[in-house]
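Hi,

Here is the model I promised to pass on. Have a look through it first, and my notes follow below.

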Amino acid sequence: MTLSADQAPLVLSLVSAAAAADGVTPLSEHVMLRVQHGGAGNGGRDVLVMDGDAVAGYAYLDPPDDAQGGDMSGELVVHPGHRRRGHGTELVAALTEVAGDAAGPGGHGIRIWSHGDLPAATAFAKATGFTRIRELWQLLLPLTEATLPRPSLPAGVTLRGFVPGADEDAWLEVNRRAFAQHPEQGGWTKEDLALREAEPWFDPAGFFLAERDGELIGFHWTKTHPAGGSAGGPIGEVYVIGVDPGRQGGGLGRALTLAGLAYLRDRGLDEVMLYVDGDNTAAARLYAALGFRRWHTDVMYRRPY
């Protein structure tokens, strides 16, 4: 199903209640954008569980993805006031049915994100047959304590800001190649990009493009959150950073990182955060050298169906 205009506010209210109870937002940005703006055309599936007239739980599944072996990945959340009544298990059963219908004979598995490595989520995953397969680390850098060297760009490389209406196609192509193994990022469409350009936080001046001979070869897109820092205040984010696989080397990734961090610090932000895969040792080493430390962890669980 796809959420109706009447159902979307109910899901957003559920998300707010869960975030207040658990200390972490239960849905990722791309699912929240789907709830807020609709997403009937992307092939994803929404599932609601009701408790009387109340929305007790919500879940979402992306379409099957060849880069994940045909698995479908998604997220689920149960309202704090309706937990321990079997609604989580009901959502998993519904997702299993949806995944089987979408994949047909020979289907593979379901991957579910848990935002925050919460003990209750770990216990629920084990009870419902899911296995932990991936960690996404959230790292934090106190900009007031960091010593940031000036970016040193490779020879012939220049930086400029993103130009809405002109740079979308080139950026999407480099993003696709840079994140070919991570479909949740590399699979972005022009519509996905447009949704974010329309968000209040979007700032093209903080969206850096690296070019050589007029060709886009890397980027660093920053983001500012009005709240969410370690003390509840504003916080910057290394939102997306990527280098075209054919143009890696020469310190471009480090230079792009430093350029974005300097921009966020110049905006008066005291902290900046980013996400990195737990098995991406090269990136984790770079960020650790700049002073980032591990802050939170998101976990992906998988179950065959």
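A salt bridge here is a side-chain nitrogen of Lys or Arg within 4 Å of a carboxyl oxygen of Asp or Glu. By that rule the structure holds 18 of them. Bear in mind that this is a predicted model, where local features need pLDDT of at least 70 and side-chain atom pairs count only at pLDDT 80 or more, while totals for chains, interfaces and linings use all residues. Numbering runs from 1 along each chain as its sequence is written, and side-chain values use heavy atoms, with hydrogens and water left out.

Some of the salt bridges first. Asp71 and Arg111 pair through their side chains at 2.7 Å, N to O. That pair links distant parts of the chain, 40 residues apart: Asp71 is in the loop between β2 (54–61) and β3, and Arg111 is in strand β4 (helices, H or I of at least four residues, and strands, E of at least two, are DSSP runs numbered from the N terminus). Asp71 counts as buried at 1% relative accessibility, and Arg111 is buried too, at 18% (buried is under 20% relative accessible area, exposed over 50%, partly exposed in between, with a 1.4 Å probe and protein chains only).

Arg177 and Asp244 form another, with the closest N and O atoms 2.3 Å apart. This one joins helix α5 (residues 168–178) to the loop between β9 and α8 (252–266), across 67 residues. Arg177 is partly exposed at 29%, whereas Asp244 is buried at 7%.

There is also a salt-bridge network made of Asp117, Arg132, Glu135 and Arg294. Within it, the closest N and O atoms of Arg132 and Glu135 are 2.9 Å apart.

Next, Ser230, in the loop between β8 (215–225) and β9 (235–243). Leaving out residues up to four places away in sequence, Ser230 touches Leu140, Glu271 and Trp295 (contact means heavy atoms within 4.5 Å).

Finally, the second largest pocket. Its lining has 29 residues, with Leu76, Arg83, Ala120, Ala121 and Phe124 nearest the centre (on a 1 Å grid over the protein atoms alone, a pocket is an open set of points where a 1.4 Å probe fits, with protein on both sides within 12 Å along at least five of seven lines; lining residues have an atom within 4 Å of a point). β3 (72–78), α3 (87–103), β4 (109–114) and α4 (119–127) each give two or more residues to this lining, and α4 gives the most, with six.

Cheers
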